[in-house]
Amino acid sequence: MALQAVKGMNDVLPDEVARWHRVEALAREVFGAHGYREIRPPLLEVTELFERSVGDTTDIVQKEMYTFENRSAERGDAKRLTLRPEGTAGVVRAYVEHKMWGQSDEHRFYYLGPMFRHERPQKGRFRQFHQVGCEALGMPGPGIDVEMLSMLQQFLTAAGVGGLYFQLNTLGCPTCRAAGLAALKAYFEPHRAALCADCQRRLDQNALRVLDCKVEADQALARGAPTVLSSVLACTQGCGDHYRAVRAGLDALKVPFQENPLLVRGLDYYTRTVFEACSSELGSQSAVTGGGRYDRLVEEFGGQPTPAIGFALGVERLLMLQKDVVSARGPELSVVVAEESARSSAMVLVQGLRARGTWCDLDHSGKSVKSQMRRADKAGSTWVLVLGGLEMQAGKATLKNLRGGASKDVALEIDHIQAVIRSATPGAPSANP
RNA sequence: GCGGGUGUAGCUCAGAUGGUAGAGCAGAGGAUUGUGACUCCUCGUGUCGCGGGUUCGAUUCCCGUCACUCGCCCCA
């Protein structure tokens with residue numbers, strides 16, 4: 001069998017790249033306007049980083065990471081490395097490693113690039129996928145939570161996402177969450193035998209997840225369960241106030257959201273505010289963006305206690321939501337060689353035009369003029385210059401406009417030709433012939 | 001890890017209740033000498049995913065296998 005790409009790892013072909021560029025440019029523009037600066041951590045980190053941040057009971061760590069031994073194991077210096085399954089851990093590690101808290105109170109970073117998770121691929125889910133993410137560190141108050149959702153709304157709207165809605169929840173701090181989880185477990189424990197196999201496991205590992213189960217009988221049970229949200233709202237550490245302030249802030253900025261007490265995120269490090277941006281047009285992988293607060297992670301990595309919040313956005317999923325077509329542009333000029341005697345002069349001309357930044361196409365096939373003309377048209381060229389013995393002798397030629405404009409006679413001088421091409425609006429009748 | 005679907009020309013697909021296959025698009029050449037688009041003419045290619053089985057004969061039936069795809073789990 002012929003060689004092919006690894007399962008779940010897709011080529012982004014040239015026709016699609018324009019759309020990627022557009023999303024990346026928009027991210028830089030919108031996030032940049034909010035004060036975020038790009039950071040580029042490595043794709044490879046020590047495995048322990050993810051085990052400690054994402055959480056070793058999560059699916060990601062338990063069965064989805066691309067992990068292998070570093071080659072230094074050959075020298076007895078064994079180290080397990082992992083291709084990053086998400087972006088936050090690396091950013092926080094870099095922040096701590098470079099002791100950036102000393103430089104100022106607040107930091108805002110964005111990153112973009114590939115992430116790796118060994119899952120069964122399906123629509124909107126790949127083993128190598130791409131995320132754009134933001135992390136805001138050093139801001140404890142609800143203001144940054146609100147600002148981040150507002151920024152996301154702006155970004156996603158500008159990116160052309162239809163059917164957009166936010167889901168919001170709070171997981172509280174370790175104290176009130178523990179109280180809520182304890183109540184939850186106490187509620188489910190008597191019914192343990194009635195739960196599905198998955199939920200019996202979840203009850204021990206992550207009781208919150210039982211609430212999110214899709215099995216009918218479990219859902220019925222879950223409806224009567226005490227919500228963690230109610231514990232959080234009663235929290236003595238201010239978790240409830242924080243959440244209420246976020247809601248009020250979102251209302252004030254007219255960022256539409258729906259509260260979802262069952263919203264759980266897959267990573268262990270989240271605290272307080274968690275959210276997802278979803279689209280009804282995505283099928284079963286409905287989330288385009290997920291994120292939340294992680295107030296304890298920096299400290300756990302050995303940094304100063306630093307509250308933080310962030311999100312990650314799936315680029316492939318975003319692209320699936322864009323229905324418009326980015327039309328490819330063609331060369332400004334195609335040079336047709338009508339007779340071989342003119343070829344070397346044509347190449348000199350093209351070389352000069354390209355050196356001045358003109359996108360210039362020269363046919364090397366030696367085929368008929370008709371054939372070269374066809375190719376120029378299909379390539380989307382605006383102008384065509386036919387060069388043969390006649391033109392060489394006369395020192396001038398006709399610039400033919402393929403897009404409905406007027407053709408022009410030009411001297412075979414690089415600057416002159418470029419000036420004519422650049423001055424005329426493609427497709428529009430020339431105002432000054 | 002568990003289910004479902006699909007695998008026929010570069011692409012999108014049709015097809016024979018078993019006798020080695022087609023249509024559109026794309027591509028190439030041409031319609032008087034060196035000028036695109038619209039139109040017209042001409043032309044090609046396929047180990048019918050792979051390996052077995054049944055059969056005189058299979059791409060069509062059976063079994064296996066691989067790949068892709070959708071869904072579950074979970075997530076961006």
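Predicted model: local features only at pLDDT ≥ 70, side-chain atom pairs only at ≥ 80, totals over all residues.
Me: Why is the packing of α13 against α16 called oblique?
Reply: Helix α13 (residues 343-355) and helix α16 (residues 414-423) pack at an angle of about 60°, with their axes 10 Å apart. The crossing of α13 and α16 is right-handed.

Me: Which residues make the contact of α13 with α16, and of what class are they?
Reply: From α13 come Val 348, Leu 349, Gly 352 and Leu 353, and they meet Ile 414, Ile 417 and Gln 418 in α16. By class, this contact of α13 with α16 has five nonpolar, two polar and no charged residues. Gly counts as polar in this scheme.

Me: What makes the rings of Phe 31 and Tyr 110 a tilted pair?
Reply: The centres of Phe 31 and Tyr 110 are 6.3 Å apart and the planes stand at 55°, so the pair is tilted. The pair links distant parts of the chain, with Phe 31 in helix α1 (residues 14-33) and Tyr 110 in strand β5 (residues 107-116), 79 residues apart. Phe 31 and Tyr 110 are both buried.

Me: Why is the pair of Phe 31 and Phe 311 called edge-to-face?
Reply: Here the ring centres are 5.8 Å apart and the planes are at 65°; edge-to-face applies over 60 degrees, so the pair of Phe 31 and Phe 311 is edge-to-face. Phe 311 lies in strand β11 (residues 308-314), 280 residues from Phe 31 in helix α1. Phe 311 is buried, as is Phe 31.

Me: Which residues do ring pairs link into a cluster with Phe 31?
Reply: The cluster consists of Phe 31, Tyr 110, Phe 155 and Phe 311. The count of aromatic pairs comes to eight.

Me: How do you know whether Val 315 is buried or exposed?
Reply: Val 315, found in helix α12 (residues 315-321), has a relative accessible area of 5%. Buried means under 20%, so Val 315 is buried.

Me: What is Val 315 in contact with, leaving aside its neighbours within four places in sequence?
Reply: With those neighbours left aside, the contacts of Val 315 are Trp 20, Val 23, His 130, Gln 131 and Val 132. Gly 113 is 202 residues from Val 315 in sequence, but 9.1 Å from it in space, C-alpha to C-alpha.

Note on methods:
Residues numbered from 1 in each chain as written. Chains lettered and ligands numbered in written order. Heavy atoms only, no water. Axes fitted to C-alpha atoms, helices over the stretch in contact; angles between N-to-C directions. Helix = DSSP H or I, 4+ residues; strand = E, 2+ residues; numbered from the N terminus. Left-handed = near helix turned anticlockwise from the far one by under 90°. Contact = heavy atoms within 4.5 Å. Phe/Tyr/Trp six-rings, centres within 6.5 Å; stacked < 30°, edge-to-face > 60°. Buried < 20%, exposed > 50% of the residue type's maximum accessible area, 1.4 Å probe, protein only.
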